[in-house]
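Here is a briefing on the spaces and contacts in this structure. Keep the sequence and the 3D view open as you read.

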Amino acid sequence: MTFALRFSDLTLGYERHPAIHHLTGEVPAGDLLAVCGPNGAGKSTLLKGIVGILSPLDGTIERVGVGPREIAYLPQAADIDRSFPVTVYELVSTGLLREAGLFGRIGRGERTRIEDAIAAVGLTGFEGRSIGTLSGGQMQRMLFARLLLQDSPVILLDEPFTAIDDKTTSDLLGLIGRWHSEKRTVIAVLHDFEVVRKHFPRTLLLAREKVAWDATQNALNGENLLKARRMVEAFDTAAHACERAA
Amino acid sequence: MLYDVFISPFAEFEFMRRALIGSFALTIGAAPIGVFLMLRRMSLVGDAMAHAILPGAAVGYLISGLSLAAMTAGGLVAGCLVAILAGVVTRNTLLREDASLASFYIISLAAGVTLVSLRGSNIDLLHVLFGSVLALDDDTLLLLAWIATITLLVLAVMFRPLLLECVDPGFLRSVSRGGTVTHLVFLCLVVVNLVGGFHAMGTLLAVGMLMLPAIAARFWCAGVGPMIAAAAFIGALASISGLLVSYHAGLATGPTIILSAGVLYIFSLLVGPHGGLVRQWAPGRHLEA
């Protein structure tokens, strides 16, 4: 089986304090993986490591067939300046930046793709609206449209449905299903176990280290969830250098 | 009569024509830079950079007197050094940009003043402080034209990443490594335009040509492109009216041009269609949908 990502004894963290400790495992190409765990478990940290915003303290991340900058990534709180005068259409079109570069023409083909992406998330009619006028759910739809345009084989979503209503969530889950059927690798950080059980075949349960990484119904069993909940959240300010063998 | 007021000062006096062309060149380069500074909430960065440039220009003056090349070079070196150091520190430590800029520009200013006092001469820095828009020679005019040209070309090259760096820096970081470079090049463009500006307006007032037209333009246009065009237009209008007022009333030219831009800003603030005060006080009845 080919894999899209492989973590080998991966430790990620901040100022030498690990947020994820000694994670090893593979994400097969085309996987639809949920990452679950309590707050502070290292879920977002893992995604930041995968896209290369954060360098590993130890261990490695191998990416097959994609560079770190080619991965489509939806952060938990996009630091978008909503007062900036750009329209929905313009913001969605930035998904083409990698492809078009500094001067690449946005021709008729690209314009159709942008319009299709906007239509696919149900924002037709909003093209000319400035982004400051969007609601939270519309904003999230717009960011999904940009992910669509990025056309990446690996897509990372960090809590994409937080503060999003049911209708929008189910629409966006439809898009995730479409990506899965297109054999893209999708990794999503989620808190809603119901959504995870229903839509995600595999789950990685994290609590600063791997608790379980398995088919969803096995990973999210009572024993594992209890173990995850006992995680110690605060790091030890007087911790020694870690001597654990790989 | 109208001819006497509006045309004859320019038709009769070459220094007025030179001043007009110089200010046009200045405003064409400064307008887009100012718009980006404003939209990135960096409106005060221009002021900080102007302080950072001053000592460089003063050192240039100390070494070779009132020489265009030396003062320009000194200003560029000091300004770009401060911009790059601040940018690098911001992106590699927990300091925010305002903090790192504040520390470096004040170091630059102090170093400049120290250097000047070492020499012990009481040099006339009035030229550096207030500029000499009515005494622009060929070299200075060419310099201003070059600066406008380079600014527009560089902005054209990095327009997309620069815009994205303003709206959604996190996204830019996730798809490209160019964000930092874009930012540093942009800061250097700010420096280049301020250095051009100080020959005409003086180091401190150069910021006026950078920011006032851009901030006024915010009230007239919604998109970035139109905003840049509007800023250039407002800057040109301020140049013409400032020159005419200073000619007829015998006022100092640089400050009068900036004051004209100030008047245009207040006018825009009042009646501009995008968030202008009059529009806010009397918005009209609410719409159906």
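What volume does the second largest pocket have? The second largest pocket has a volume of about 650 Å³. This is a predicted model, and every value below is computed from it. The largest pocket comes to about 1,700 Å³. Chain A and chain B bury about 2,200 Å² between them.

**Second largest pocket**

- 24 residues line the second largest pocket.
- Closest to its centre are R16(A), H17(A), P18(A), H21(A) and C242(A).
- Two elements of chain A, β1 (3-14) and β2 (17-28), each give two or more residues to this lining.
- β2(A) gives the most, with four residues.
- By class, the lining of the second largest pocket has 10 nonpolar, five polar and nine charged residues.

**Largest pocket**

- The largest pocket, at about 1,700 Å³, is lined by 43 residues.
- T90(B), R91(B), R96(B), P169(B) and R173(B) are the lining residues closest to its centre.
- Six elements of chain B give two or more residues to the lining: α3 (45-64), α4 (68-92), α5 (97-119), α8 (159-167), α9 and α10 (179-201).
- The largest share comes from α5(B), with five residues.
- The lining of the largest pocket divides into 18 nonpolar, 12 polar and 13 charged residues.

**Interface of chain A and chain B**

- In contact across the interface are 24 residues of chain A and 25 residues of chain B.
- Of the buried area of about 2,200 Å², carbon and sulfur atoms give 57%.
- Nine residue pairs are in polar contact between the two chains, counting pairs with both residues at pLDDT 80 or more.
- On the side of chain A that touches chain B, α3 (97-100) and α5 each supply at least two residues.
- Here α3(A) gives the most, with three residues.
- This side of chain A has 13 nonpolar, six polar and five charged residues.

**Salt bridges**

- Side chains of opposite charge can pair when their charged atoms come close.
- The structure holds 16 salt bridges over all chains.
- Two salt bridges cross the interface of chain A and chain B.
- R146(A) and D168(B) meet through their side chains in a salt bridge, at 2.5 Å from N to O.
- Within chain A, the side chains of R98(A) and E70(A) form a salt bridge at 3.9 Å, N to O.
- That pair links distant parts of the chain, 28 residues apart.
- R98(A) sits in helix α3 of chain A, while E70(A) sits in the loop between β4 (58-63) and β5 of chain A.

**Cavities**

- How many cavities of 30 Å³ or more are there? The count comes to two.
- The largest cavity has a volume of about 60 Å³.
- Chain A gives Y73(A), L74(A), P75(A), A78(A), L143(A), R146(A), L147(A) and Q150(A) to the lining of the largest cavity, and chain B gives D168(B) and F171(B).
- In chain A, β5 (72-74) and α5 (136-150) each give two or more residues to that lining.
- The largest share, four residues, comes from α5(A).
- Seven nonpolar, one polar and two charged residues make up the lining of the largest cavity.
- The second largest cavity holds about 40 Å³ of space.
- Its lining from chain A is Y73(A), P75(A), A78(A), D79(A) and R146(A), and from chain B it is D168(B), G170(B), F171(B) and S174(B).
- Helix α9 (residues 169-175) of chain B gives the largest share of this lining, with three residues.
- By class, the lining of the second largest cavity has four nonpolar, two polar and three charged residues.

**Where the topics meet**

- R146(A) and D168(B) line the largest cavity and also the second largest cavity.

Note on methods. Residues numbered from 1 in each chain as written. Chains lettered and ligands numbered in written order. Predicted model: local features only at pLDDT ≥ 70, side-chain atom pairs only at ≥ 80, totals over all residues. Heavy atoms only, no water. 1 Å grid on protein atoms, 1.4 Å probe; cavity = no way out; pocket = protein on both sides within 12 Å on 5 of 7 lines; lining within 4 Å. Points joined across faces, edges and corners; volume = space filled by probe spheres on them. Nonpolar A, V, L, I, M, F, W, Y, C, P; charged D, E, K, R; others polar. Contact = heavy atoms within 4.5 Å. Buried area = accessible area lost by both parts, 1.4 Å probe. Salt bridge = Lys/Arg side-chain N within 4 Å of Asp/Glu carboxyl O. Polar contact = N/O pair within 3.5 Å; in protein donor to acceptor, adjacent residues only side chain to side chain.
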